Amino acid sequence: METGPTGGGLGGDYLSQSSPATAISRWSFELSRRYQHVLDKTVPHNLYRWIACLVLVLIYAVRVYFVQGFYIITYGLGIYLLNLLMGFLSPQVDPEMQDGPSLPTRGSDEFRPFVRRLPEFKFWYSITKAFCIAFVMTFFSVFDVPVFWPILLFYWLMLFILTMKRQILHMIKYKYVPFSFGKQRYDGKKAPTESVNLLPRD
């Protein structure tokens, strides 16, 4: 007869213990849903998004300039941005990994739109998030590792030049330009004979 209340007590204790976890889970889900909704609303506003990103970059630069430190964070940020840039300039499917051509090589070929490995919105979002994280890290002295920043700057410039050279050679080899200016559009108008997406053949 006494086992009933004991079981009920255990059930009540279980519910009371799970209630805070359930509330936190619902709160985090609602917060993430609203955050994603705000991000979705910014998708068509390319210019305003990049202006806001530029403002954030300037704030970070001013912060690092006045504190005269956190160069190792800036160097790591630069390496990360270079990696994002390569993804933004690269096609989603590497032509070197395919048997047949994945990109048109002349104006008479079938038009294939350039699909980036890293879309523009994700490119912007990753840059913005990286600068936000780096800005917060500049308020913690543990990340202020003393380094000789000209060496880091020189090494990053060399890495940038070599990486961009390899990317440009890849673009020339497979004859594509990762920009949409002047590309063919099926809007009822007469399509141009050649798309600026293509490089002239030798």
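This is a predicted model: local features need pLDDT of at least 70, side-chain atom pairs count only at pLDDT 80 or more; totals for chains, interfaces and linings use all residues.
1. Overall fold. The protein chain has 5 helices and 0 strands, and along the sequence the pattern reads α-α-α-α-α. Of its 202 residues, 27% count as buried. Among the contacts in the protein chain with a separation of 6 or more, 78% come from residues 24 or more positions apart.

2. Packing of α3 on α5. Two packed helices are described by the angle between their axes and the distance between the axes. For helix α3 (residues 71–89) and helix α5 (residues 149–174), the angle is about 5° and the axes are 10 Å apart. Angles under 35 degrees count as roughly parallel, so α3 is roughly parallel to α5.

3. Residues in that contact. On the α3 side, the contact is made by Tyr 71, Ile 72, Tyr 75, Gly 78, Ile 79, Leu 82, Leu 85, Met 86 and Leu 89. On the α5 side, the residues are Trp 149, Leu 152, Tyr 155, Trp 156, Leu 159, Phe 160, Thr 163, Met 164 and Gln 167. By class, 15 residues of the contact are nonpolar and 3 are polar, with no charged residues.

4. Tyr 60 and Phe 131. The structure holds 11 aromatic pairs. In one of them, the ring centres of Tyr 60 and Phe 131 are 5.6 Å apart and the planes stand at 75°, so the pair is edge-to-face. Tyr 60 belongs to helix α2 (residues 46–67) and Phe 131 to helix α4 (residues 120–137), so this pair ties together parts 71 residues apart in sequence.

5. Tyr 75 and Tyr 155. This aromatic pair is tilted, with 6.2 Å from centre to centre and 45° between the planes. Tyr 75 lies in helix α3 and Tyr 155 in helix α5, so the pair links distant parts of the chain, 80 residues apart. Tyr 75 and Tyr 155 are also among the residues that make the contact of α3 with α5. The relative accessible area of Tyr 75 is 19%; the cut-off for buried is under 20%, so Tyr 75 counts as buried.

6. Aromatic cluster and arginines. Trp 50, Phe 88 and Phe 123 form one aromatic cluster. Arg 116 lies over the face of Phe 88, at 3.9 Å from the ring centre. Elsewhere, Arg 63 lies over the face of Phe 139, at 4.1 Å from the centre of that ring.

Notes: Residues are numbered from 1 along each chain as its sequence is written. Side-chain values use heavy atoms; hydrogens and water are left out. Axes are lines fitted to C-alpha atoms, for helices over the stretch in contact, and angles run from 0 to 180 degrees between N-to-C directions. Helices (H or I, at least four residues) and strands (E, at least two) are DSSP runs, numbered from the N terminus. Angles under 35 degrees count as roughly parallel, over 145 as roughly antiparallel, 65 to 115 as roughly perpendicular and the rest as oblique. Contact means heavy atoms within 4.5 Å. Ala, Val, Leu, Ile, Met, Phe, Trp, Tyr, Cys and Pro count as nonpolar, Asp, Glu, Lys and Arg as charged, and the others, Gly among them, as polar. Rings of Phe, Tyr and Trp (its six-membered ring) pair if their centres lie within 6.5 Å; planes under 30 degrees apart count as stacked, over 60 as edge-to-face and the rest as tilted. Buried means under 20% relative accessible area, exposed over 50%, partly exposed in between (1.4 Å probe, protein chains only). A charge sits over a ring if NZ of Lys or CZ of Arg is within 6 Å of the ring centre and within 35 degrees of the ring normal.
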